[in-house]
Amino acid sequence: MTLEELQEEIQPADQDVVRLSKERWMKVGKPLFSLGKLEQQITRIAGIKRIACYEIKKKALVVMCADNGVVAEGVTQTGQEVTAIVAENFSRHETSTCLMAEVAGVDIYPVDIGMITDVKNVTRKNEKTAYGTKNFAKEPAMTREQLWQAIETGIRIAGEKKQEGYDILLTGEMGIGNTTTSSAVASVLLNRDPAVMTGKGAGLDDEGLKRKIHVIEDAIGRYNLRQADVLTVMASVGGYDIAGLCGLCIGGARYHIPVVLDGFISGVAALCAVHLIPAVADYLIPSHVSKEPAAHYVLDELGLSPLVTCDMCLGEGSGAVAVIPLLEMGLKVYGDMGTFEDIKVEQYKVL
Ligand SMILES: Cc1cc2ncn([C@H]3O[C@H](COP(=O)(O)O)[C@@H](O)[C@H]3O)c2cc1C
Ligand SMILES: O=C(O)c1cccnc1
(Lines give C-alpha, C1' and ligand atoms only; values in the text may rest on other atoms or scores of the structure.)
(Ligands and ions follow the chains in the order given, each with its own letter.)
Protein backbone atom coordinates (compact mmCIF):
# COMPACT_ATOMS: atom_id res chain seq x y z
CA MET A 1 0.00 0.00 0.00
CA THR A 2 1.18 3.53 -0.68
CA LEU A 3 0.69 6.73 1.25
CA GLU A 4 -1.38 8.14 -1.61
CA GLU A 5 -3.71 5.11 -1.52
CA LEU A 6 -4.15 5.48 2.22
CA GLN A 7 -4.80 9.22 1.91
CA GLU A 8 -7.54 8.42 -0.56
CA GLU A 9 -9.03 5.55 1.44
CA ILE A 10 -9.15 7.04 4.93
CA GLN A 11 -12.27 9.10 5.56
CA PRO A 12 -13.23 11.32 8.50
CA ALA A 13 -15.50 10.00 11.28
CA ASP A 14 -19.24 9.80 10.53
CA GLN A 15 -20.82 13.15 11.45
CA ASP A 16 -24.41 11.84 11.14
CA VAL A 17 -23.68 9.29 13.86
CA VAL A 18 -21.98 12.00 15.92
CA ARG A 19 -25.23 13.98 15.72
CA LEU A 20 -27.29 10.95 16.82
CA SER A 21 -24.93 10.37 19.72
CA LYS A 22 -25.23 13.99 20.86
CA GLU A 23 -29.03 13.63 20.74
CA ARG A 24 -28.78 10.55 22.96
CA TRP A 25 -26.73 12.49 25.52
CA MET A 26 -29.38 15.25 25.51
CA LYS A 27 -32.00 12.69 26.59
CA VAL A 28 -29.98 11.05 29.38
CA GLY A 29 -31.57 12.02 32.71
CA LYS A 30 -28.79 14.10 34.20
CA PRO A 31 -27.68 17.72 33.98
CA LEU A 32 -26.76 18.43 30.36
CA PHE A 33 -23.06 18.08 29.52
CA SER A 34 -22.30 17.16 33.15
CA LEU A 35 -19.96 14.31 32.20
CA GLY A 36 -17.87 16.87 30.34
CA LYS A 37 -15.05 15.50 28.22
CA LEU A 38 -16.27 11.94 28.78
CA GLU A 39 -19.41 12.78 26.83
CA GLN A 40 -17.36 14.27 24.01
CA GLN A 41 -15.11 11.24 23.71
CA ILE A 42 -17.99 8.73 23.91
CA THR A 43 -19.60 10.67 21.08
CA ARG A 44 -16.40 10.82 19.05
CA ILE A 45 -16.03 7.05 19.41
CA ALA A 46 -19.58 6.62 18.06
CA GLY A 47 -18.56 8.61 14.99
CA ILE A 48 -15.42 6.47 14.61
CA LYS A 49 -17.35 3.22 14.87
CA ARG A 50 -20.18 4.60 12.73
CA ILE A 51 -22.81 3.41 15.21
CA ALA A 52 -24.45 5.46 17.97
CA CYS A 53 -24.96 2.54 20.40
CA TYR A 54 -21.87 0.46 20.94
CA GLU A 55 -19.90 -1.52 23.50
CA ILE A 56 -16.24 -1.51 24.45
CA LYS A 57 -15.53 -5.08 25.41
CA LYS A 58 -12.20 -6.12 23.96
CA LYS A 59 -9.35 -3.69 24.50
CA ALA A 60 -5.83 -4.13 23.11
CA LEU A 61 -2.73 -2.25 24.18
CA VAL A 62 -0.03 -2.52 21.51
CA VAL A 63 3.41 -1.82 22.98
CA MET A 64 5.96 -1.02 20.28
CA CYS A 65 9.42 -1.96 21.55
CA ALA A 66 12.50 -0.58 19.78
CA ASP A 67 16.04 0.60 20.40
CA ASN A 68 17.52 3.94 19.50
CA GLY A 69 21.14 4.31 18.39
CA VAL A 70 21.28 7.87 19.73
CA VAL A 71 21.55 6.41 23.25
CA ALA A 72 25.32 6.25 22.52
CA GLU A 73 25.39 10.05 22.98
CA GLY A 74 24.58 9.83 26.70
CA VAL A 75 21.03 11.15 26.38
CA THR A 76 19.48 8.65 28.78
CA GLN A 77 19.96 7.46 32.30
CA THR A 78 20.05 3.75 31.46
CA GLY A 79 21.46 1.64 28.64
CA GLN A 80 19.69 -0.08 25.75
CA GLU A 81 19.67 -3.42 27.59
CA VAL A 82 16.75 -2.08 29.64
CA THR A 83 14.51 -2.10 26.55
CA ALA A 84 14.87 -5.87 26.28
CA ILE A 85 14.50 -6.43 30.01
CA VAL A 86 11.21 -4.52 30.13
CA ALA A 87 10.00 -6.13 26.88
CA GLU A 88 10.65 -9.52 28.40
CA ASN A 89 8.83 -8.47 31.54
CA PHE A 90 5.88 -7.56 29.32
CA SER A 91 5.86 -11.09 27.94
CA ARG A 92 5.69 -12.40 31.53
CA HIS A 93 3.05 -9.85 32.47
CA GLU A 94 5.39 -8.22 34.96
CA THR A 95 5.50 -4.50 34.18
CA SER A 96 3.67 -1.66 35.92
CA THR A 97 1.44 -1.29 32.89
CA CYS A 98 0.62 -5.02 32.86
CA LEU A 99 -0.69 -4.69 36.40
CA MET A 100 -2.70 -1.59 35.55
CA ALA A 101 -4.05 -3.34 32.45
CA GLU A 102 -5.22 -6.24 34.57
CA VAL A 103 -7.41 -3.85 36.56
CA ALA A 104 -8.74 -2.22 33.39
CA GLY A 105 -9.30 -5.52 31.53
CA VAL A 106 -6.92 -4.57 28.73
CA ASP A 107 -5.01 -7.24 26.77
CA ILE A 108 -1.36 -6.43 26.04
CA TYR A 109 0.57 -7.13 22.86
CA PRO A 110 4.27 -6.26 23.04
CA VAL A 111 5.77 -5.97 19.55
CA ASP A 112 9.48 -6.05 18.73
CA ILE A 113 9.46 -3.51 15.95
CA GLY A 114 13.19 -2.83 16.23
CA MET A 115 14.98 -3.98 19.36
CA ILE A 116 18.71 -4.73 19.27
CA THR A 117 17.96 -7.93 21.17
CA ASP A 118 15.72 -10.85 20.30
CA VAL A 119 13.37 -11.51 23.17
CA LYS A 120 11.48 -14.75 23.69
CA ASN A 121 7.71 -14.41 23.20
CA VAL A 122 8.08 -10.85 21.87
CA THR A 123 10.30 -11.02 18.78
CA ARG A 124 8.47 -12.12 15.62
CA LYS A 125 10.22 -12.21 12.28
CA ASN A 126 7.73 -10.13 10.33
CA GLU A 127 7.57 -7.36 12.91
CA LYS A 128 11.23 -6.50 13.55
CA THR A 129 12.27 -3.79 11.13
CA ALA A 130 15.95 -3.82 12.11
CA TYR A 131 18.20 -4.35 15.12
CA GLY A 132 17.79 -0.81 16.42
CA THR A 133 18.17 2.52 14.63
CA LYS A 134 21.48 4.14 13.76
CA ASN A 135 22.81 6.89 16.00
CA PHE A 136 21.23 9.99 14.47
CA ALA A 137 24.04 12.16 15.84
CA LYS A 138 26.23 10.47 13.21
CA GLU A 139 23.90 9.30 10.42
CA PRO A 140 20.16 9.16 9.68
CA ALA A 141 18.34 6.83 12.06
CA MET A 142 16.83 4.69 9.28
CA THR A 143 16.15 4.53 5.57
CA ARG A 144 12.86 5.55 3.97
CA GLU A 145 12.21 1.87 3.23
CA GLN A 146 12.69 0.89 6.87
CA LEU A 147 10.46 3.76 7.98
CA TRP A 148 7.64 2.71 5.67
CA GLN A 149 8.04 -0.93 6.70
CA ALA A 150 7.59 0.01 10.37
CA ILE A 151 4.57 2.20 9.55
CA GLU A 152 3.04 -0.66 7.55
CA THR A 153 3.63 -3.03 10.46
CA GLY A 154 1.58 -0.74 12.71
CA ILE A 155 -1.22 -0.54 10.14
CA ARG A 156 -1.22 -4.33 9.73
CA ILE A 157 -1.38 -4.90 13.50
CA ALA A 158 -4.39 -2.56 13.76
CA GLY A 159 -6.09 -4.65 11.06
CA GLU A 160 -5.25 -7.89 12.87
CA LYS A 161 -6.67 -6.59 16.14
CA LYS A 162 -9.86 -5.56 14.35
CA GLN A 163 -10.11 -9.09 12.92
CA GLU A 164 -9.63 -10.50 16.41
CA GLY A 165 -12.68 -8.54 17.56
CA TYR A 166 -11.03 -5.70 19.47
CA ASP A 167 -13.22 -2.63 19.97
CA ILE A 168 -10.49 -0.18 20.91
CA LEU A 169 -6.72 0.12 20.55
CA LEU A 170 -4.30 1.71 23.00
CA THR A 171 -0.79 2.90 22.15
CA GLY A 172 2.25 2.01 24.22
CA GLU A 173 5.99 1.92 23.71
CA MET A 174 9.18 0.73 25.30
CA GLY A 175 12.48 2.00 23.98
CA ILE A 176 15.29 3.57 25.90
CA GLY A 177 16.10 6.90 24.23
CA ASN A 178 12.68 7.45 22.72
CA THR A 179 12.04 10.74 24.49
CA THR A 180 15.09 12.05 22.58
CA THR A 181 13.74 10.91 19.22
CA SER A 182 10.26 12.19 20.13
CA SER A 183 11.56 15.61 21.18
CA ALA A 184 13.59 15.86 17.97
CA VAL A 185 10.59 15.03 15.77
CA ALA A 186 8.24 17.27 17.81
CA SER A 187 10.65 20.23 17.71
CA VAL A 188 10.48 20.15 13.93
CA LEU A 189 6.78 19.41 13.50
CA LEU A 190 5.79 22.10 15.97
CA ASN A 191 8.55 24.45 14.82
CA ARG A 192 9.76 25.04 18.35
CA ASP A 193 13.12 25.25 20.02
CA PRO A 194 14.48 21.87 21.26
CA ALA A 195 15.21 23.54 24.60
CA VAL A 196 11.44 23.96 25.09
CA MET A 197 10.54 20.56 23.68
CA THR A 198 12.98 18.40 25.62
CA GLY A 199 12.69 16.96 29.10
CA LYS A 200 14.46 14.47 31.33
CA GLY A 201 12.61 11.42 30.05
CA ALA A 202 13.03 8.44 32.34
CA GLY A 203 15.49 10.48 34.45
CA LEU A 204 18.51 12.60 33.58
CA ASP A 205 20.58 15.11 35.51
CA ASP A 206 20.86 18.75 34.35
CA GLU A 207 24.10 18.06 32.48
CA GLY A 208 22.48 15.15 30.67
CA LEU A 209 19.51 17.30 29.69
CA LYS A 210 21.83 19.93 28.19
CA ARG A 211 23.58 17.21 26.21
CA LYS A 212 20.24 15.83 25.00
CA ILE A 213 19.11 19.27 23.79
CA HIS A 214 22.41 19.86 22.04
CA VAL A 215 22.28 16.50 20.22
CA ILE A 216 18.77 17.34 18.97
CA GLU A 217 19.67 20.90 17.88
CA ASP A 218 22.71 19.61 16.08
CA ALA A 219 20.79 16.93 14.16
CA ILE A 220 18.00 19.32 13.12
CA GLY A 221 20.65 21.57 11.58
CA ARG A 222 22.74 18.78 10.04
CA TYR A 223 19.81 17.15 8.21
CA ASN A 224 18.23 20.52 7.41
CA LEU A 225 14.99 19.28 8.96
CA ARG A 226 13.25 22.64 9.27
CA GLN A 227 12.77 22.44 5.51
CA ALA A 228 12.04 18.70 5.35
CA ASP A 229 8.84 16.70 4.89
CA VAL A 230 7.51 14.56 7.75
CA LEU A 231 8.83 11.25 6.37
CA THR A 232 12.35 12.71 6.14
CA VAL A 233 12.06 14.00 9.70
CA MET A 234 10.93 10.59 10.98
CA ALA A 235 13.63 8.70 9.07
CA SER A 236 16.38 11.11 10.15
CA VAL A 237 15.73 11.46 13.89
CA GLY A 238 12.76 9.19 14.70
CA GLY A 239 12.56 5.61 15.89
CA TYR A 240 10.88 2.37 14.88
CA ASP A 241 8.54 2.62 17.86
CA ILE A 242 7.34 6.06 16.75
CA ALA A 243 6.93 4.79 13.18
CA GLY A 244 5.04 1.69 14.33
CA LEU A 245 2.69 3.74 16.52
CA CYS A 246 2.18 6.19 13.66
CA GLY A 247 1.10 3.17 11.62
CA LEU A 248 -1.19 1.98 14.41
CA CYS A 249 -2.97 5.37 14.39
CA ILE A 250 -3.33 5.21 10.60
CA GLY A 251 -4.60 1.64 10.94
CA GLY A 252 -7.16 2.72 13.53
CA ALA A 253 -8.52 5.21 11.02
CA ARG A 254 -8.40 2.68 8.19
CA TYR A 255 -10.28 0.02 10.15
CA HIS A 256 -12.55 2.37 12.15
CA ILE A 257 -11.22 1.53 15.59
CA PRO A 258 -10.58 4.31 18.13
CA VAL A 259 -6.95 4.67 19.17
CA VAL A 260 -6.35 5.86 22.74
CA LEU A 261 -3.05 7.73 22.93
CA ASP A 262 -0.68 7.41 25.85
CA GLY A 263 1.87 10.12 26.62
CA PHE A 264 4.46 12.21 24.84
CA ILE A 265 5.91 9.52 22.57
CA SER A 266 2.50 8.25 21.45
CA GLY A 267 1.39 11.84 20.89
CA VAL A 268 4.36 12.54 18.64
CA ALA A 269 3.67 9.34 16.67
CA ALA A 270 0.04 10.41 16.28
CA LEU A 271 1.12 13.85 15.12
CA CYS A 272 3.27 12.23 12.44
CA ALA A 273 0.23 10.20 11.32
CA VAL A 274 -1.92 13.34 11.12
CA HIS A 275 0.77 15.14 9.11
CA LEU A 276 0.73 12.24 6.66
CA ILE A 277 -3.08 11.80 6.60
CA PRO A 278 -5.06 14.62 8.26
CA ALA A 279 -8.29 12.53 8.57
CA VAL A 280 -6.52 10.29 11.12
CA ALA A 281 -7.07 13.06 13.71
CA ASP A 282 -10.75 12.02 14.02
CA TYR A 283 -9.75 8.55 15.26
CA LEU A 284 -7.50 9.59 18.16
CA ILE A 285 -8.73 9.59 21.75
CA PRO A 286 -6.72 11.47 24.39
CA SER A 287 -5.84 9.99 27.77
CA HIS A 288 -3.58 11.96 30.12
CA VAL A 289 -1.07 14.74 29.67
CA SER A 290 2.43 13.47 30.33
CA LYS A 291 4.79 15.35 32.59
CA GLU A 292 7.28 15.60 29.72
CA PRO A 293 7.37 19.36 29.07
CA ALA A 294 6.30 19.23 25.42
CA ALA A 295 3.41 16.79 25.85
CA HIS A 296 0.77 19.52 26.15
CA TYR A 297 1.99 21.26 22.98
CA VAL A 298 1.57 18.00 21.09
CA LEU A 299 -1.96 17.47 22.42
CA ASP A 300 -2.86 21.08 21.55
CA GLU A 301 -1.62 20.57 18.02
CA LEU A 302 -3.74 17.43 17.74
CA GLY A 303 -6.76 19.39 19.00
CA LEU A 304 -7.10 17.03 21.97
CA SER A 305 -7.71 17.89 25.59
CA PRO A 306 -6.53 15.30 28.13
CA LEU A 307 -9.13 13.46 30.22
CA VAL A 308 -6.87 13.40 33.26
CA THR A 309 -3.79 15.15 34.58
CA CYS A 310 -1.88 12.80 36.81
CA ASP A 311 1.71 13.99 36.28
CA MET A 312 2.46 10.52 34.95
CA CYS A 313 5.48 10.01 32.69
CA LEU A 314 5.94 6.26 32.65
CA GLY A 315 5.20 5.45 29.03
CA GLU A 316 4.50 1.80 28.14
CA GLY A 317 0.86 2.77 27.47
CA SER A 318 0.15 3.32 31.17
CA GLY A 319 -1.77 6.58 30.67
CA ALA A 320 -3.96 5.09 27.96
CA VAL A 321 -4.78 2.13 30.20
CA ALA A 322 -5.58 4.49 33.09
CA VAL A 323 -8.46 6.19 31.27
CA ILE A 324 -10.17 3.02 30.06
CA PRO A 325 -12.28 2.58 33.23
CA LEU A 326 -13.32 6.24 32.96
CA LEU A 327 -14.43 5.80 29.35
CA GLU A 328 -16.29 2.64 30.32
CA MET A 329 -18.11 4.50 33.08
CA GLY A 330 -19.11 7.21 30.63
CA LEU A 331 -20.32 4.60 28.17
CA LYS A 332 -22.35 2.85 30.88
CA VAL A 333 -24.26 6.06 31.62
CA TYR A 334 -24.65 6.80 27.90
CA GLY A 335 -26.01 3.32 27.21
CA ASP A 336 -27.96 2.39 30.33
CA MET A 337 -29.10 5.53 32.12
CA GLY A 338 -32.81 6.34 31.95
CA THR A 339 -34.03 9.31 29.96
CA PHE A 340 -35.76 12.41 31.32
CA GLU A 341 -39.05 10.79 30.30
CA ASP A 342 -38.21 7.54 32.14
CA ILE A 343 -37.36 9.33 35.35
CA LYS A 344 -40.17 11.89 34.92
CA VAL A 345 -38.00 14.97 35.25
CA GLU A 346 -38.25 18.02 33.03
CA GLN A 347 -35.10 18.52 31.03
CA TYR A 348 -32.95 21.12 32.73
CA LYS A 349 -29.79 22.92 31.85
CA VAL A 350 -26.70 23.64 33.89
CA LEU A 351 -24.56 26.41 32.53
C1 LIG B 1 13.20 0.67 33.86
C2 LIG B 1 12.42 1.51 32.87
C3 LIG B 1 11.13 1.14 32.54
C4 LIG B 1 10.42 1.92 31.64
N5 LIG B 1 9.17 1.80 31.17
C6 LIG B 1 8.93 2.79 30.35
N7 LIG B 1 9.99 3.60 30.26
C8 LIG B 1 9.99 4.82 29.48
O9 LIG B 1 11.28 5.42 29.45
C10 LIG B 1 11.87 5.39 28.16
C11 LIG B 1 12.04 6.77 27.63
O12 LIG B 1 12.86 7.54 28.42
P13 LIG B 1 14.33 7.90 27.94
O14 LIG B 1 14.20 8.61 26.65
O15 LIG B 1 14.86 8.78 29.03
O16 LIG B 1 15.10 6.60 27.81
C17 LIG B 1 10.92 4.56 27.30
O18 LIG B 1 11.34 3.24 27.22
C19 LIG B 1 9.60 4.73 28.00
O20 LIG B 1 8.66 3.78 27.68
C21 LIG B 1 10.96 3.07 31.05
C22 LIG B 1 12.27 3.44 31.37
C23 LIG B 1 13.01 2.67 32.28
C24 LIG B 1 14.42 3.08 32.62
O1 LIG C 1 5.09 10.59 28.17
C2 LIG C 1 5.73 9.62 27.80
O3 LIG C 1 5.34 8.93 26.83
C4 LIG C 1 7.01 9.26 28.51
C5 LIG C 1 7.64 10.14 29.32
C6 LIG C 1 8.82 9.79 29.93
C7 LIG C 1 9.34 8.53 29.74
N8 LIG C 1 8.71 7.68 28.97
C9 LIG C 1 7.54 8.02 28.35
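**Exercises on a predicted model**

Val 259 in E4 is the bridge partner of Leu 169. The model is predicted.

**Exercise 1. H6 against H11**

Describe how H6 and H11 cross, and classify the residues in their contact.

Solution. 
- The axes of helix H6 (residues 144–163) and helix H11 (residues 240–255) come within 6 Å and cross at roughly 45°.
- Angles from 65 to 115 degrees count as roughly perpendicular and those under 35 degrees as roughly parallel; H6 is therefore oblique to H11.
- The crossing of these two helices, H6 and H11, is right-handed.
- From H6 the contact includes Leu 147, Ala 150, Ile 151 and Lys 162, and from H11 it includes Tyr 240, Leu 248, Arg 254 and Tyr 255.
- Sorted by class, the contact of H6 with H11 has 13 nonpolar, seven polar and three charged residues.

**Exercise 2. H7 against H9**

Work out the packing of H7 on H9 and list the contact residues.

Solution. 
- H7 and helix H9 (residues 206–222) pack at an angle of about 50°, and their axes are 10 Å apart.
- H7 and H9 are therefore oblique to each other.
- The crossing of H7 and H9 is right-handed.
- H7 contributes Thr 180, Ser 183, Ala 184, Ser 187 and Val 188, while H9 contributes Lys 212, Val 215, Ile 216, Ala 219 and Ile 220.
- This contact of H7 with H9 divides into six nonpolar, three polar and one charged residue.

**Exercise 3. The ligand shells**

Describe the residues around ligand 1 and those around ligand 2.

Solution. 
- Ligand 1 is surrounded by 17 residues, the closest being Thr 76, Thr 179, Gly 201, Ala 202 and Gly 315.
- Helix H4 (81–91), strand E3 (168–174) and helix H7 (178–189) are the elements that give two or more residues to this shell.
- H7 supplies the largest share, three residues.
- The shell around ligand 1 has six nonpolar, nine polar and two charged residues.
- Around ligand 2 lie Thr 179, Gly 201, Ala 202, Asp 262, Gly 263, Phe 264, Ile 265, Ser 290, Glu 292, Ala 295, Cys 313 and Gly 315.
- The ligand 2 shell divides into five nonpolar, five polar and two charged residues.

How values were computed
Residues are numbered from 1 along each chain as its sequence is written. Chains are lettered from A and ligands numbered from 1 in the order in which they are written. This is a predicted model: local features need pLDDT of at least 70, side-chain atom pairs count only at pLDDT 80 or more; totals for chains, interfaces and linings use all residues. A residue is near a molecule or strand if its C-beta atom, placed from the backbone, lies within 6 Å of it. Helices (H or I, at least four residues) and strands (E, at least two) are DSSP runs, numbered from the N terminus. Ala, Val, Leu, Ile, Met, Phe, Trp, Tyr, Cys and Pro count as nonpolar, Asp, Glu, Lys and Arg as charged, and the others, Gly among them, as polar. Two strands pair if DSSP finds at least two bridges between them. Axes are lines fitted to C-alpha atoms, for helices over the stretch in contact, and angles run from 0 to 180 degrees between N-to-C directions. Angles under 35 degrees count as roughly parallel, over 145 as roughly antiparallel, 65 to 115 as roughly perpendicular and the rest as oblique. A crossing is left-handed if the near helix is turned anticlockwise from the far one by less than a right angle, and right-handed if clockwise. Two residues are in contact if their C-beta atoms, placed from the backbone, lie within 7 Å.
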